[in-house]
Amino acid sequence: MTSPRVAITGMGIISAIGNTVEENKVSLFACKSGVKTIKNISTIHAGQIKVGEVKCTNETLISQLQLSSDNNFTRTALLGLIAAKEAVKNARILDNSLYKTGLISSTTVGGMDKTEQHLKQFKTSPESQKYISSHHASDSTKKMADYLGITDFTTTISTACSSSTNAIMLGARLIKSGKLDRVIVGGTDVLSKFTINGFKTLMILSDEICKPFDEHRKGLNLGEGAAYLVLEAEHIAKKEKHSILAFVSGYGNANDAFHQTASSENGQGAYLAMQKALDVAQLIPEQIDYINAHGTATANNDLSESIAIKRIFGEKVPNFSSTKAFTGHTLAASGAIEAVYSVLALQEQTVFPNLNFKSKIKETELIPTTEIKKTKIKHVLSNSFGFGGNCSTIIFSKE
Amino acid sequence: MRNCYIHSAVSISLQHTFDSEDFLADIIIHNSKKAKAIYPNYKDFISTIAARRMESGVKMGVIAATKALNLAELNQPDAIITGTGMGCIADTEKFLNSIIDNNEAYLTPTSFIQSTHNTLSANIALILNCHGYNNTYAHASLSFESALIDAKLLLEQEEANHILVGGTDELGNEFVDYVQMIEASNDHGINVPFGEGASFTVLSSEKKPNTIQLLDITTENKISNDKLKHKIKSFLDDNKLNFHDIDAIILGNNGDTFDYYYEQLTSSLFVHASQIHYKHLIGEFYTASAFGFWLGIKILQKQHIPKAVLKNVKSTKPIKIILIYNQFKGENHSFILLKKC
């Protein structure tokens, strides 16, 4: 039995540059960054960082979702549900119980946004206590599954900044094996004092809008957001007359096995992830038209990723860009957010620019695409790398 | 499609399951509300420098993983997949409290770095210098099961031949008390201690003599009690089995009101089978079912059911097929079939 191709039939996203796929697309074409001074969280670091915040308060999101006033949704769950709901609507799915349907979500901080506000009131305040059960990573997944009527397979992945890329990968594998007909995959993460201070102690936060792949890059901007894709076996998508936006044609997961937080000098994990994805897609490097790089704008990541890209593509590096200066680094959600941008790149036949690039990194001399570029794009390779050496790559194809 | 065999199984728990071959004969009774696992001597497995940074969850996980690899005579797995419900909760609490106590000043990165859910899978990869597939599931009481499903899929689809899979949770110091406080306010809350542990196994596509096979696994987010029989029947049908083929069932009873899900199995569907429970011995936590998995493997290997886990009368029949069923608060149901080859 040949395994079915994995079709993408719906997308949903909420990020610093828009609350829908359409709004994100408009901002990308306008080269408009969503990275700004922090507003929603009170932190002593406010003056020294820039972040990619979603421009909606929790109250707005709650009323948009028509949740009851005594709900215990964390912001992680709110953003996740908004994006997942858009993805399902976009795929024109009315009933999730007709096919073997799964939900694979991902997050790093889970319900930390509420935990850090209420931790010291958990013992005494009944109003705070409802957030005790919303701390763990699968709480947002469960809320999304309940809302979307998914009773079958659900799970949550947490591999730091490669989380949602691994969610897409697992979803694709489950469809190829015939275990699921349809699966909603993606990730959600919100800004929190926990992550702001964590990255601050590692001294990798930039005080200005980040400059991926630039020689003088100063570090990353944290961001928040969520994005989900609806994956369907090709024959199901066709039977249901769903529009096929793109295909997931390749995927690879490898571990750098070098350091808990730093990437290796030769980018071994990244290299292996990209190579595996090309093998699964049965493509040669020359067939990749655009790389949506991880490109966090930390000194370490961008150099290591550049080296890995050069090892795969040699002197013929295709158009590449990091879109982190638009959204900030949305941690677990970044892979899914960039998956949406990769599909948009295929649909619009457009490379979205790497903002703020001026001078090339001395060691590798790679120059990203810095302006909107219309070009023929058949295959997009998207990278996501995380703490713990977790490196994953997905390849999206037009046909 | 290739089969999935179990080459080793190791568990660190509230009982002497790691350091003793004496299969649950000497039981420790835990009367407290929460209890820590019996920690092995980490110096036999981890360098002192590495151990200094590790909280108990990562330590237990690394040790259980190392022993599972040793027993399977495997130096390098093709994939490392772990599950954890609460992740590195001790380091999470530590970093969170230092943010609150010092108003975001004077922080050091160590506990933040060690707080991510994938710390254990990453540490194992680092120690083994293993560049293979690496994943971490954090899906409450289906964390370990998600890891198993992923591993089985990799083996079936010939993407890997030998895989290290485990489930780990640590008690932590603060959050667990809040969770227990909520449980205590409930008349029919969890009635076993809150525990912790690490259970690891090596899965392989290679069949060895007298090996145990992971026949199948399925999970479901939600099932109503009246659909449970149908679900189990179709799971058994998928594997060409009927209710009478099951020699023993391993259940996740924890004394709360949702134990009624298990009653249907014990009082009607599997009256003929040996009925086994374990959470009274090792406590409740999100990856407690990984101990249930270890227990099933040991029972099939040893053809013996320890008295402390048996709920009904002892049977003299050989034990060939075991069904493991777990749920948490009526959600996250998991069904696993193990078979002695």
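Strands S3(A) and S7(A) pair in the parallel sense over two bridges; strands here are DSSP runs (E) of at least two residues and helices DSSP runs (H or I) of at least four, numbered from the N terminus, and two strands pair if DSSP finds at least two bridges between them. The model is predicted: local features need pLDDT of at least 70, side-chain atom pairs count only at pLDDT 80 or more, and totals for chains, interfaces and linings use all residues. Residues are numbered from 1 along each chain as its sequence is written, while chains are lettered from A and ligands numbered from 1 in the order in which they are written.

**A sheet in chain A**

- The pair belongs to an open sheet of three strands of chain A, in the order S2-S3-S7, with mixed pairing.
- Strand S2 (35-36) and S7 of chain A are the edge strands, each of which pairs on one side only.
- Gly52(A) stands opposite Gly223(A) in S7(A).

**Domains of chain A**

- Chain A is divided into domain 1 (6-239) and domain 2 (248-397); domain bounds come from an automatic or database domain assignment.
- Taken over C-alpha atoms, the centres of domain 1 of chain A and domain 2 of chain A are separated by 21 Å.
- Domain 1 of chain A brings 63 residues to the contact and domain 2 of chain A brings 54 residues; two residues are in contact if their C-beta atoms, placed from the backbone, lie within 7 Å.
- Elements that each supply at least two residues of the side of domain 1 of chain A that touches domain 2 of chain A include strand S1 (6-14), helix H1 (21-29) and helix H7 (163-176) of chain A.
- H7(A) gives the most to that side of domain 1 of chain A, with seven residues.
- By class, the side of domain 1 of chain A that touches domain 2 of chain A has 30 nonpolar, 26 polar and seven charged residues. Ala, Val, Leu, Ile, Met, Phe, Trp, Tyr, Cys and Pro count as nonpolar, Asp, Glu, Lys and Arg as charged, and the others, Gly among them, as polar.

**Contact between the chains**

- The contact takes 49 residues from chain B and 50 residues from chain A.
- Among the elements that give two or more residues to the side of chain B that touches chain A are helix H3 (89-101), helix H5 (119-128), helix H6 (143-156) and strand S6 (212-222) of chain B.
- That side of chain B divides into 24 nonpolar, 20 polar and five charged residues.

**Overall form and domains of chain B**

- Eleven helices and ten strands are found in chain B.
- The radius of gyration of chain B, taken over C-alpha atoms, is 19 Å, close to the 20 Å that the globule rule gives for 341 residues, so chain B is as compact as a globular protein of that length. The globule rule is 2.2 Å times the number of residues to the power 0.38.
- The C-alpha trace of chain B spans about 65 × 50 × 35 Å along its principal axes.
- Of the 341 residues of chain B, 55% are buried. A residue is buried if 20 or more other C-beta atoms, placed from the backbone, lie within 10 Å of its own, exposed if 12 or fewer do, and partly exposed in between.
- The domain assignment of chain B gives domain 1 (5-204) and domain 2 (212-340), whose C-alpha centres lie 22 Å apart.
- In chain B, 42 residues of domain 1 are in contact with 35 residues of domain 2.
- The largest share of the side of domain 1 of chain B that touches domain 2 of chain B, six residues, comes from H6(B).

**Helix H9 of chain B**

- Tyr261(B), Tyr262(B) and Leu265(B) are the buried residues of helix H9 (residues 260-269) of chain B.
- Seen down the axis of H9(B), these residues fall within an arc of 100°, so they line one face of the helix; the arc is that of the directions from the helix axis to the C-beta atoms.
- The face of H9(B) turned away from its buried side carries the exposed residues Tyr260(B), Glu263(B), Ser267(B) and Ser268(B).
- Helix H8 (225-238), strand S7 (248-251) and strand S9 (321-328) of chain B are included in what covers the buried residues of H9(B).

**Strand S10 of chain B**

- Eight of the ten residues of strand S10 (residues 331-340) of chain B are buried, so S10(B) is largely enclosed by the rest of the structure.
- S6(B) and S10(B) run antiparallel and are joined by nine bridges, with Asp216(B) opposite Leu337(B).
- S9(B) and S10(B) also run antiparallel, joined by seven bridges, and Ile324(B) stands opposite Ile336(B).
- The hairpin of S9(B) and S10(B) has two residues between the strands, and Lys329(B) takes a positive phi near 55° there.
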